[in-house]
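Please read the following report alongside the sequence and the coordinates.

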Amino acid sequence: MATFLYRLGRWSFLRRRLVTLLWVALLAAVGVLAAKAPAAPDDGFAMPGTEAQKAFDLMDERFPGAMSDGASARIVFVAPSGQKITAANNQQTVEKTVAELAHGEQVVGAAGPFKTGTVSQDGTTAYATISYDAKPGKVSTGATDALEQAAQHARDAGLTVDIGGTALMAGGDAGGSAEAIGMAMSAVVLVITFGSLLAAGLPLLTAVIGVGLGIALITGLGSVLGLSSTTSTLAMMLGLAVGIDYAVFIVSRYRAELLDGYAPKEAAGRAVGTAGSAVVFAGLTVIIALAGLSVVGIPLLAKMGLAAAGTVVIAVLVALTLVPALLGFIGPRVLPRKLRNPRRAAAAGAGARPNGGTRWARFVLRRPVAVLVGGVIGLGVLALPALDLRLGLPGDEAKPTSTTQRRAYDHLSEGFGPGFNGPLTLLVDAKGVPDPKGAAQQVADAVKGLPGVVAVTPAAFNQAGDTALVTAMPATGPSEAATTDLVHAIRDKAPGLKSATGATVLVSGPTAMNIDVSQKMNDALLPYLAVVVGLAVLLLLVVFRSVLVPLKAAAGFLLSVAAALGAVVAVFQWGWLAELIGIEQTGPVMSMMPIFMIGVVFGLAMDYEVFLVTRIREAYVHGEEPGEAVVTGFRHNARVVTAAALIMISVFAGFIGMNEPMIKMMGFGLAAAVAFDAFVVRMAIVPAALALLGRRAWWLPRPLERIVPDIDVEGANLRTEPPLPGAPADGTGSDGTGTEPARHSVGV
């Protein structure tokens with residue numbers, strides 16, 4: 001593989017105008033396709049196989065036109081202090097507001113509080129429900145503007161008015177200030193790392209081109225493949241991250257080859273042949289992790305994973321072809337000015353102190369046991385809070401108090417009780433039952449008698465009279481454990497009710513759906529982890545031709561993910577340091593968080609593992625002792641891995657400043673996981689483990705030696721083959737000695 005990529009890198013360097021033109025033309029063509037493509041379909045958050053989803057589907061069938069998953073808004077009215085909302089003037093204001101919205105854009109129903117009885121017992125609070133014919137996140141700007149304008153009219157009349165519900169839910173468009181912050185911080189890290197504006201700008205440029213192409217493809221193929229704008233969110237986040245990383249790997253190796261005395265075109269070939277091999281296999285691990293989201297059983301997650309995997313494929317291709325092509329235009333200017341003169345560079349190198357990577361590696365080699373034990377114990381302590389992990393889908397209760405959604409939530413809790421923010425919808429399927437009304441009443445009575453239920457509404461039947469909806473109000477909020485227990489209690493009672501009445505009872509509604517999502521995510525966690533880690537271990541077995549190195553890599557990843565989950569629980573669930581990052585309300589961890597963290601961080605962690613350890617193995621294969629090979633690998637790549645990790649942390653940390661709690665949680669969790677994995681696992685535990693294992697780290701049983709293919713990721717063949725034109729005229733190796741070190745027999 002190294003030889004093929006070496007030739008590809010040289011060809012791209014020499015045909016730089018053609019390669020650049022092809023990428024620009026491809027980007028333009030896909031951009032035109034995206035501009036002319038029909039609108040992508042609505043996603044919907046379908047959860048096949050869950051009881052809540054089955055009930056939603058049955059509602060759509062038995063209550064045509066009701067749109068069970070449509071957006072809705074709750075306008076909460078609170079009377080001035082000392083007054084009642086039922087006072088004549090206040091009641092008139094409320095009714096006028098509801099009437100103002102009844103015939104608005106996308107509105108299919110407006111239920112006022114005085115007709116539906118949604119007035120608190122103390123008479124101070126009431127709420128109206130506005131239903132829309134659009135799904136959450138798809139309500140038009142005109143409709144939301146009308147909603148807020150009507151609320152303002154009621155405020156002007158003296159009432160306190162706030163709006164909750166899903167109508168104000170933002171769409172899933174990617175982009176914005178978080179990406180801009182991440183890019184700016186990445187630029188600073190790259191300038192410091194490379195000491196050259198051209199070298200720093202190239203990874204950013206190629207990453208933007210790759211992400212732009214990926215997002216345009218998702219948009220252009222959206223209607224054909226059923227991909228919506230939501231699908232592109234993960235693709236943009238990861239495409240930007242790995243696109244910068246992969247370009248940084250190639251550029252840094254190109255600079256190293258230039259400093260070793262190779263001509264630019266030869267340096268480009270060798271950079272792609274060595275670092276490019278690491279990019280290919282690092283990319284494959286990311287693709288495995290993302291494609292593995294398909295096993296979770298949630299269509300939206302599967303689409304997001306596959307779309308992001310496609311963007312990673314583009315990032316790999318850009319790194320292998322466009323990056324060396326652009327290096328052809330830049331040439332030696334990728335180096336700082338003081339290093340462009342070979343003699344000055346050699347003099348600077350001769351008098352330079354060992355760099356930070358060298359000093360750190362030697363420190364670890366002197367104290368491998370202490371570093372290994374300290375790293376494992378430290379991550380283990382950080383992981384302890386994860387034992388208390390509670391999954392859920394935080395709603396309006398987790399939003400800042402400055403938002404109208406959070407204030408509406410608090411008003412409803414104070415006026416009606418916390419359960420009114422998470423009502424349970426019971427679907428009573430009485431088709432074929434002799435007395436449907438009697439069956440529905442018996443179900444309502446049975447549920448009313450359960451502990452934790454404060455109210456049950458009368459059954460509302462469909463036009464055919466064979467299906468009823470009953471609403472049960474819990475005593476606790478939607479994200480509390482007691483509400484989850486109540487849902488399970490009702491479902492446990494359903495078989496007995498079916499025996500007694502003949503009717504099937506299904507529990508649904510947003511609260512039940514959130515509980516089912518969390519349960520399904522929890523059930524999918526171990527199978528997903530097994531698939532992703534298992535496939536990646538096999539891939540790394542091929543890359544490193546070793547049994548212990550892949551197992552060590554997987555174990556280190558599990559440690560870093562567990563520590564990151566522990567940090568998320570401590571901050572977002574327990575409230576430690578919550579005020580520091582703007583968390584006003586603690587609650588359960590987003591149910592998708594562990595799956596996302598495993599998928600995203602596993603791929604990025606393997607990036608660092610492959611790039612760092614392939615350089616260590618390259619030195620070992622070419623004759624260095626195991627300890628010195630670790631030092632060599634860190635001397636060349638520790639700075640680059642550090643820079644790549646800082647870039648990832650910058651990109652993810654940019655999302656911590658967002659107001660949306662789920663986005664804030666994802667940004668914090670991913671940034672913490674990358675920090676733990678890069679700086680504790682890859683930079684400390686990995687070299688300590690390699691130092692303790694010595695030559696055994698590269699052991700491969702003889703039966704496996706015969707069946708595991710030799711793909712030459714380290715570029716060993718690049719040293720044994722006659723150099724192509726452009727190599728140093730004296731035939732020296734990359735170490736400048738004129739001799740080739742002996743190769744260890746490790747199956748390459």
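## Thr 511 in helix H19

With a relative accessibility of 6%, Thr 511 counts as buried, because the cut-off for that class is under 20%. In this predicted model, Thr 511 belongs to helix H19, which covers residues 510-544. Leaving aside residues up to four places away in sequence, Thr 511 touches Gly 422, Pro 423, Leu 424, Pro 478 and Thr 483. A further pairing is that of Thr 511 with Gly 395, for which a sequence separation of 116 residues goes with a C-alpha to C-alpha distance of 9.6 Å.

## Ser 560 in helix H20

Ser 560 sits in helix H20, made of residues 548-573, and its relative accessibility of 0% places it among the buried residues. The side chain of Ser 560 reaches the backbone oxygen of Phe 557 at a distance of 2.8 Å. When residues up to four places away in sequence are not counted, the residues that Ser 560 touches are Leu 379, Ala 673, Phe 676, Asp 677 and Val 681.

## Helices H1 and H12

Helix H1 (residues 2-14) packs against helix H12 (residues 299-330) at an angle of about 45°, the two axes being 7 Å apart. H1 is therefore oblique to H12, and the crossing in which H1 passes H12 is right-handed.

On the H1 side the contact is made by Leu 5, Leu 8, Gly 9, Ser 12 and Phe 13, while H12 contributes Leu 320, Thr 321, Pro 324, Ala 325, Leu 327 and Gly 328. Sorted by class, the residues of this contact between H1 and H12 comprise seven nonpolar and four polar ones, with no charged residue.

Apart from residues up to four places away in sequence, Ile 209 touches Leu 27 and Leu 322. Ile 209 and Val 318 stand 109 residues apart in sequence, whereas their C-alpha atoms are 8.4 Å apart in space.

The axes of H8 and helix H10 (residues 232-259) come within 8 Å and cross at roughly 145°, in a crossing that is right-handed. From H8, the residues Ala 199, Leu 202, Pro 203, Leu 204, Thr 206, Ala 207, Val 211, Ile 215 and Ile 218 take part, and they meet Ser 232, Ala 235, Met 236, Gly 239, Leu 240, Gly 243, Ile 244, Ala 247, Val 248, Val 251 and Arg 255 of H10. The contact of H8 with H10 divides into 15 nonpolar residues, four polar residues and one charged residue.

## Lys 135 in a loop

Lys 135 is placed in the loop that runs between strand E3 (125-132) and helix H6 (141-156). Its relative accessible area of 22% makes Lys 135 partly exposed. Between the C-alpha atoms of Lys 135 and Thr 166, which are 31 residues apart along the chain, the separation is 8.5 Å.

## The protein as a whole

The protein contains 25 helices and eleven strands, and buried residues account for 55% of its 748 residues. Of the contacts between residues at least 6 apart in sequence, 80% join residues that are at least 24 apart.

Technical notes: Residues numbered from 1 in each chain as written. Predicted model: local features only at pLDDT ≥ 70, side-chain atom pairs only at ≥ 80, totals over all residues. Heavy atoms only, no water. Helix = DSSP H or I, 4+ residues; strand = E, 2+ residues; numbered from the N terminus. Buried < 20%, exposed > 50% of the residue type's maximum accessible area, 1.4 Å probe, protein only. Polar contact = N/O pair within 3.5 Å; in protein donor to acceptor, adjacent residues only side chain to side chain. Contact = heavy atoms within 4.5 Å. Axes fitted to C-alpha atoms, helices over the stretch in contact; angles between N-to-C directions. Parallel < 35°, antiparallel > 145°, perpendicular 65-115°, else oblique. Left-handed = near helix turned anticlockwise from the far one by under 90°. Nonpolar A, V, L, I, M, F, W, Y, C, P; charged D, E, K, R; others polar.
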